[in-house]
Amino acid sequence: MATTLKAPTGAAPSLLQSKHASTHKEEVGTKHFPDELVTGHIYAKHRDDDSTKIDLPSYISVIENIITTADQIIDTVHRGIDGRLVHSDASLAFNVVIEPPLCTLHRISSELSCKAPGIEKAHETTLEIFEILANYPWEAKAALTLIAFAADYGDLWHLHHYSHADPLAKSLAIIKRVATLKKHLDSLRYRQVLLNPKSLIQSCLQAIKYMDEIREFSKYDVKELSELPAALRQIPLVTYWVIHTIVASRIELSSYLSETENQPQRYLNDLSEKMAGVLDVLEKHLEILREQHEEVDLYRWLVDHIEHYRTDITLVVPKLLSGKTETKPLIDGSTLREVGVHESLSGKNVILVISGLDISEDDIKAIHNVYDELKSRGTNYEIVWIPIILASNHENDHKKYEYDHKKYEYLRSTMKWYSIQFTTKISGMRYLEEKWQLREDPLVVVLSPQSEVVFMNAIHLIRVWGTEAIDFKEDRAKFLLRKNWPDSTLVKFAHQPRLQSWIKQEKSILFYGGKEPMWIQQFEERVEILKSDPLIRDGGSFEIVRIGKNAKGEDDPALMARFWKIQWGYFIVKSQLIGSSASETTEDILRLISYQNEDGWVVLSVGSAPVLVGRGILILKLLEEFPKWKQSLRLKAFPDAFRDYFNELALKSHQCDRVILPGFSGYIPMIVNCPECPRFMETGISFKCCHGGAHM
């Protein structure tokens, strides 16, 4: 897979001829080789060519085996037991097979040998090795260079190990001057290059492992692993510094064997610092990639085990919460005890209440009623609250954490059902957002004991019908929808003691409300004029019922907020089960919703059967023009005469209807018929930003 790093425009100047060329070698360090200049040299001639591939994991295993065994031999030297290394069963069973390009390795080994110390020569040699390995992927270039180094290094200690018993090994060890290498084993310089777990060579090996791991993630779509492109862009530069470091280390090793000038200490220190930085960058990318990879695997698991296979609820809930088959115990709100998921949910239908810490008291109260009813019936249901608490990205935001924790504890104390413990991370968040469409509003999902979704999203059922919605199955919802919609959405908001009597008598009822007090006043005044007319008194009698006042007769904004939420809930349930343009009922409720921000509105019903829903301005005009249509009352009943004249007025007026869909979770209709005409309503897009604040 080709990296997305672009080559710099124009060839970079040669480092060997840069302004630092005359600087004494002790003063030139890696800081004189900035990343931009290095990548310029790399991309001037090289790309990520994968025409010649190698089995990188196997090469890594062979390199590790060589270095580990050589270190074990060195350990016997330190302990004075040369030639008596006892190999473990695991090392003897090592059977990784590779087919290395021998001629290529010989050329690399030749490039590594007998070079002058200093960063300029190391850089020059690194570029020569890049030329030799031009047809290999970036990380393969690094691995082949390291295995060439390891082959030479391992050969030295292999000869030393057998020189005590094998004359040939002894002679070869003399030729290669292994004895002089022994003199440096206790030096800090040697341990800086080898032996130490954080040595230069070990750092190079670790960097190659990290690059291999990043490449393994390339099989995933970058849409799922958004960190992948940034991580892949690091590989060419990392490859350069790995090979550069191997070259510098081999030069240092050669200086021990030939007893010539060592690498400058400052240069080795710079390389140690550089490789530590390289590993740190790769580790940060990998940390994010691993998290994203876990999220992808978990998402796929949840899709399979919720939507396709029947899986025990006690496996799905922990995976949804923590990504594992085990998770922290739940808190039983009725006893405040911690209870394991298996103990509490095994064999149960589970109602997941997923919400932010801004869940309303009305919703909690409604769920309480459902909980009490479920327990009184002895049903096989349990409720679990999953709070969505966003972690702050701001440093030292301890106050927000404390506030969230206190809010969580308060809300949990009001709930009798199970709650998960305080956490700012829900592992299955992607599934909640993409598959269950979790948004700002609470999401209530009913699952069977085998994790099958029984109903999505039951919060609307609970808001509209309360305990009547039990058992939260589709058949039950369809039964409730067969009622006259004012019964479900209007009547409960009317504090009129005689209302049920009027409904039973099938009287004509005008439910009315609005945002503008002046409209309310004008409507009530004109209604009184109508009621005083003999034609109304003699047979066209009707009643009016105000929506929006509490039991004390006071305007109640909170009551109206709940009223509109229930209208929306009814519309969404109806649309979800039957379709957003399937009946007059759906159009009526949508028409009412579209009047939410109007000065006023009216719903005319006979008993609880709806007749029409009207915009306030037309209703006032209808009442003003009563003399024009009152004679029709001699032939028609009041609701028919009222509706017919209203329709006449509606045909003469034109006003756009707008419906702004709130951020409800779960299903929402994407195509909606206009409540006033047969056309589909236009769909717009709105954007919202809370500037990092937690609205949910």
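Author: Let us begin with the ring of Trp138, over which the charged end of Lys141 sits, 4.9 Å from the ring centre. A charge is said to sit over a ring if NZ of Lys or CZ of Arg is within 6 Å of the ring centre and within 35 degrees of the ring normal. A second example involves Arg430, whose charged end sits over the ring of Tyr299 at 3.9 Å from its centre.

The model is predicted, so local features need pLDDT of at least 70 and side-chain atom pairs count only at pLDDT 80 or more, while totals for chains, interfaces and linings use all residues. Residues are numbered from 1 along each chain as its sequence is written, and side-chain values use heavy atoms, with hydrogens and water left out.

Rings may also meet other rings. A pair of aromatic rings is described by the distance of the centres and the angle of the planes. Rings of Phe, Tyr and Trp (its six-membered ring) pair if their centres lie within 6.5 Å; planes under 30 degrees apart count as stacked, over 60 as edge-to-face and the rest as tilted. By this rule the count comes to 25 aromatic pairs. One of them joins Tyr381 and Phe472, an edge-to-face pair with 6.5 Å from centre to centre and 65° between the planes. This pair links distant parts of the chain, 91 residues apart: Tyr381 belongs to strand 4 (residues 381-387), and Phe472 to the loop between helix 18 (459-465) and helix 19 (474-481). Helices (H or I, at least four residues) and strands (E, at least two) are DSSP runs, numbered from the N terminus. Both Tyr381 and Phe472 are buried; buried means under 20% relative accessible area, exposed over 50%, and partly exposed in between, with a 1.4 Å probe and protein chains only.

Trp465 and Tyr570 form a tilted pair, 5.7 Å from centre to centre with 45° between the planes. Because Trp465 lies in helix 18 and Tyr570 in helix 24 (residues 557-577), the pair ties together parts that are 105 residues apart in sequence. Trp465 has a relative accessible area of 5% and is therefore buried; Tyr570, at 0%, is buried too. Rings can also gather in a group: Phe542, Phe626, Trp629, Phe638, Phe642 and Tyr645 form one aromatic cluster.

The backbone deserves attention next. The bond from Met456 to Asn457 is cis, with omega near 5°, and Asn457 is placed in the loop between strand 7 (453-456) and helix 18. Another cis peptide bond joins Ile470 and Asp471, with omega about 25°, and Asp471 is in the loop between helix 18 and helix 19.

Two residues show a positive phi although neither is a glycine: Leu336, at about 65°, and Ser451, at about 70°. Leu336 is in the loop between strand 1 (330-332) and strand 2 (338-339), whereas Ser451 lies in the loop between strand 6 (443-447) and strand 7. Their surroundings may be contrasted. Leu336 is exposed because its relative accessible area is 59%, while Ser451 counts as buried because its relative accessibility is 0%.

Two helix residues complete the picture. Ser58 is found in helix 2 (residues 56-78), and its relative accessibility of 13% is why it counts as buried. A polar contact of 2.5 Å joins the side chains of Ser58 and Asp55. Such a contact is a pair of N or O atoms within 3.5 Å; within protein, one must be able to donate a hydrogen and the other to accept it, and residues adjacent in sequence count only if both atoms are side-chain atoms. Leaving aside residues up to four places away in sequence, Ser58 touches Val96, Val97 and Ile98, where contact means heavy atoms within 4.5 Å.

Leu649 is found in helix 28 (residues 638-652) and, at 4% relative accessibility, counts as buried. With residues up to four places away in sequence again not counted, Leu649 touches Leu618, Lys621, Leu622 and Glu625. The C-alpha atoms of Leu649 and Leu622 are separated by 7.6 Å, and the two residues are 27 residues apart along the chain.
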